[in-house]
Structure formats: structure tokens, C-alpha cells
Amino acid sequence: MSDAPAIATHDLRRTFKDVDAVRGVNLSIAPGEVFGFLGPNGAGKTTTVRMLCTLLPPTGGTATVAGLDVVRDAAQVRRSIGVALQEIGLDPVQSGRELLELQCGLYGIPAARARTRAQELLELVGLADVGERRTKTYSGGMKRRLDLASALVHEPQVLFLDEPTTGLDPASRRTVWDEVRRINEAGTTVFLTTQYLEEADQLCDRLAIIDAGTIVADGTPEELKARMGHDVVALTFDDPGNGTVTAAERAVAGLEGLERTVTERDGTALYVRDGAAAITEIVRLLDAAGLRAKTINLARPSLDDVFLQATGRRLEGAEKETAA
Amino acid sequence: MTEIALLARRSVREILRYPEATIPGLFIPLFFLAVNVGQVAKTFPSTTPFLHGQGYVAFQLPVSLMFAVATAASGLALVTEIDIGYFDKLLAAPIRRSSIIFGRLAADFVRGLVGSTFVLLAGFAFGAHIEAGPLGAVLLVFLAACFGVGYAGFGVLVALRTRNVQATNTSFLLFFPLLFLSPNFVPFDRLSPVMEALARANPVSYVIDGLRSLVIEGWEWDKLAYCTLVIVGLIAILTTLSLRAIEQYDR
Ligand SMILES: Nc1ncnc2c1ncn2[C@@H]1O[C@H](COP(=O)(O)OP(=O)(O)O)[C@@H](O)[C@H]1O
Ligand SMILES: [Mg+2]
């Protein structure tokens, strides 16, 4: 049982009337992992999470969570999992404490234990002094943390977090990350979706990139980055249209140690074995072709590069995020 | 069972914390009572045979009670919960989905008891008395609250099927034609033949008739039986449909 995957899907699919939201997802997540599901808006992250949480029946394929089939054994799956959905579903009428106590009750925790558990959780997420306030008075970050706490009342084996830090300020984001790490250290498997590269990079043991309903890359962050190449030399041009980029790529095609080339909107990214050594040669080759780069940037490949390679696009807002 | 109690307690809490969702609903029945004392009583003095010696207020008291308990508040609370996403949290918890419905309806029962007691007391203040005695008064409040539960089931059903706040909000409008195609103002036999036929086909008529019999006639077992039958039927049908709706929700 313990080596059985915490989450496994086989050709998991979900079609809404005319939208193929999830188109054959295969996953195998080991117990104790923090697994990241990285993808842009509309990629199918939430739909996948809802299927794994038994909130939405798949229209194809199978999935097990904690060894239990999400359709056949839905009731037992619900006992084993904690869920914090993308839309923070807090009851505005109740106080934070009441909400947690009710949540305990719904998971079969007796009233006396529910009271101490609610207190523990309020302290854990730093809301002990606002526990008596109704949740509608909470800030976004406080709501997120309470929602997270409410997913933990029964110490679930598997925790699902759908974009747990979207819309949070950097400080709150870090609090949530710390929380996730702590929960994970206590033995809980975490399945987390995100649009943030940094989050996937920092927090996740392994991740899958999902785009338009299919997984386009997966592995540990290091593997994914290493797969791209050793170094990346990013070139941009003043006048990227009119075949400049194509011409530049043609000019450097024979470069020694060139591992791959990925075309971007305003330039091209060259993945090379030794970036520092390659730069002079690249400039020389461009010069020979009568081309002149606007900027030349040497870096290690990031998940952003992985995403670009896998989908042909950059993750929206990624640049802003890395700049921040 | 405990999950139902927990969810019911939460819904009661919601009623208490949002009095603005309940209190306005009590103005209509009070207004009804007041109007009947002031104006209509002149048209129907207490010597009118069908009033059995009481004032017209007593005759109209059951209608006021029904207004007091017929609220879409439960459906509205549910559809809001769906909107906010708390409903998903409940669905993801290891509880029976039916508990969510039963929890709500239990709270509606409590709301109905309080609302109809309030209107009954107002009726007393306006000079009505209960011919069937104290036990009759208790039964009156109980039956009215049960009618409220059946009625709430309708709002819950609309909420689950439409997931739309507007639709749920307007669902209570359905109640008005049913209430007015009935022996609401005068007994069956004083209605025009067409109206009488319609009223006799309208199940709500028998609820009014049954509740009214307790107020002005005493213990009329056949009228009470019809009244109970309609209320039980209403609850059974709407609860069944709501349970089916929640079982099929996103399935
Ligand atoms: N209930 C639904 N009905 C119709 N289409 C839906 C529904 N839920 C999601 N979709 C569509 O499925 C796709 C994937 O959505 P979603 O899983 O929410 O993506 P993500 O969470 O990655 O942003 C989107 O195109 C979205 O519009
Ligand atoms: Mg989403």
C-alpha cells in the first residue's frame, strides 16, 4: 500500500459540451511528494483537480487517489483528502473558528476534539486572534490561510491545492509556501496547481506542465531545466520581423556546442554547452551575416524556458513575476 | 444524523445573523392582518355566517401564517453558497449529499415555527382566537412550519437546478397565483363557479381551509386530514426532487 502511488491517473479526460478541457492525462505521484501542476489559465488544472477530488466525474480514463478509485470509491476518497479549491469557498456568515469546528464535525471529529483542533489550526495559520471574526471581514491572504486550515482538519493523506497563492502578495505567498512545506514534512502528499514558475521551482519535488488539456513536459524542476541544455544565450533584435530572427538562427546554425534553438517573439534563445565561450562566437557569426543583436543575455535555463519549449509560448505574466 | 444537525445549526445561525433575510417577510402577513381589521371587517362583520362569530382577521390568519413561512430565503442562501464555492467544500466532505438538503430544511422548520408563532401572536393582538384551543394553536403553528418546509424545498430545488440567484429569487412569485386561486378571501361556496373549480383543484386551498378550520371552527378532522395530506405530499415531492437534484449535481 505504501509504495502504491498517492495519485495515479490513466488517460484521464473531461469534456464539457464543446470543450475538451482535459485530454488524456497520465500521472503517477508517489506518497510524500509535492507535485506541481503548472499551466496557464484554461489549461485544465482545475478540471483535473475537481476530478481527483470527486467533485466532477471524468468523461474518460481512470484515476485513483490514496489507492481508491475516484468514481467507484468516491466516499472513501473524500475521507482521505483535503481540498482547497481555486475559488476560496468560505462561508461568510460563520467566524473562522466556527467554520473550522463545523468542518471538523463534517469529518466525524467529536465536538470536544473539534474545539482543540480548530484552535490548533488557527494558531498554525496565524489566525488565532481573529478566529472570532466572521470570515467576510478577512483579507485575501487570511481567507486563503483559513481555507488551507479547513482542508487540514482531518490530517489528510493527500492535499489538493488549486492555485493556492494566486492573487496573494509576496509575503502571504511565502507563508503559504512555508505551510505547504510543513504539511508535507508531516507526511502529506501535496498536489498543487500554479501559474507561477517560481512556485513550481521552489516548492515542488516534481511537476508536470499542462497546456490545452495535455501534459507537455514532466519531471523534477532540475531535470526539466537540464533537458533544455546547459546554458541559454537569449538574443533580441530591434527589428525582429522581416526574417531577422530566422536569418540570425541560420547564421548561428553551425555554432559549436549548440543544443537547441527556440524562437521567441522578439528574438531567439540558443541553448549551448558553454555559454560564456559561445558568446564571442555568436557575435562573430551574426556580424558575418550583417546582423546585430539588441541584447544578449546569458543565463541558466529556467522553467520559463521549459515552458516556452514545450508550448511555444511564455507563461503569461512570467516575466513580470521573475522581475518582482 | 449528526451531520444534518451540524448543518442545520449552521443554517439557523445564518438566519439569526441575517435577520434582514427573514424580517421583511414578516411585514406582508402583518400588513394583511392590519388591513383586514381596518377595512375589510366593515364588509364582513362578525355576524357573517362563514366567520363563525369571529372577526375577519381570524378568517385571514391562516393566509398570513402561510405568507410568514413561505420564503425563498433557504434557496437563496443555497444558491449564494454555490456561487461562493462553499457548496463545493461541503460536496468534497465525506458526508451524504442529502444531509445538505435535510440540514437546510430543518433550519426552515425552525424558521417556520418562529415566524408563525410571531404572526399568531399578532393575530391574537388583533383580536383573533383559536377555536380549537391551545392544542389547536400548537398544531396550527406546527402545520404552518411544515408548509414552510415544503415551500422552502421549492426554492432549494430551483437553486440546485438553475444555480442562478435571479431565478431562485423570483421563484417565490409562483406562490402568489396559487394563493389567490383559493378560498383566500371567502369560502369555496362563495366563489364564482369557475373560480371555485380552480380553487378546488389547487392544493394550496386545502392548506388554507385546514388551518382556517382550527382558527374558526374547532376540530374539523376531514379538513385537517386534507390539509396534512397536501403538506406531506408537498414535502415528499419537493424533497425527493431536491435530493435527486443534489445527487445529480455535476454527475
Ligand atoms: N463547467 C464547465 N463548463 C464548460 N467549460 C468548462 C467548465 N469548466 C471548465 N471549462 C473549460 O475547460 C477548460 C479548462 O478549464 P480549467 O480546468 O478551469 O483551467 P485552469 O484551471 O487550468 O485555468 C477551459 O477552456 C474552461 O473554459
Ligand atoms: Mg483553475
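**Close-ups of a predicted two-chain model: legends**

**View 1. An open four-strand sheet in chain A.** Here the strand order is β2-β1-β4-β5 (chain A), and the pairing is antiparallel. The edges belong to β2 (19-29) and β5 (68-69) of chain A, each of which pairs on one side only. Strands here are DSSP E runs of at least two residues, helices are H or I runs of at least four, and both are numbered from the N terminus. Two strands count as paired if DSSP finds at least two bridges between them.

A quick word on the model: it is predicted, so local features need pLDDT of at least 70 and side-chain atom pairs count only at pLDDT 80 or more, while totals for chains, interfaces and linings use all residues. Residues are numbered from 1 along each chain as its sequence is written, chains are lettered from A and ligands numbered from 1 in the order written, and side-chain values use heavy atoms, leaving out hydrogens and water.

**View 2. Strands β1 and β4 of chain A, side by side.** Five bridges link β1 (residues 7-16) with β4 (residues 60-65) of chain A, in the antiparallel sense. To find your place, look for Thr9(A): its bridge partner in β4(A) is Ala63(A).

**View 3. Strand β11 of chain A and its two partners.** Five of the six residues of β11 (residues 231-236) of chain A are buried, so the strand is mostly covered (buried means under 20% relative accessible area, with a 1.4 Å probe and protein chains only). Six bridges tie β11(A) to β13 (residues 267-272) of chain A, and the two run antiparallel. Leu235(A) has Thr268(A) as its bridge partner in β13(A). With β14 (residues 295-299) of chain A, β11(A) makes five bridges, again antiparallel.

View 4. Stepping back, chain A has 12 helices and 14 strands. Its C-alpha atoms fill a box of roughly 80 × 40 × 35 Å along the principal axes. Of its 324 residues, 54% count as buried. Among contacts (heavy atoms within 4.5 Å) between residues at least 6 apart in sequence, 68% join residues at least 24 apart.

**View 5. The annotated stretch of chain B.** An unreviewed UniProt entry places "domain: ABC transmembrane type-2" at residues 20-249 of chain B; such annotations may be inferred rather than shown by experiment. Over residues 20-249, chain B is 77% helix and 0% strand, and the end C-alpha atoms are 29 Å apart.

How values were computed. Buried means under 20% relative accessible area, exposed over 50%, partly exposed in between (1.4 Å probe, protein chains only).
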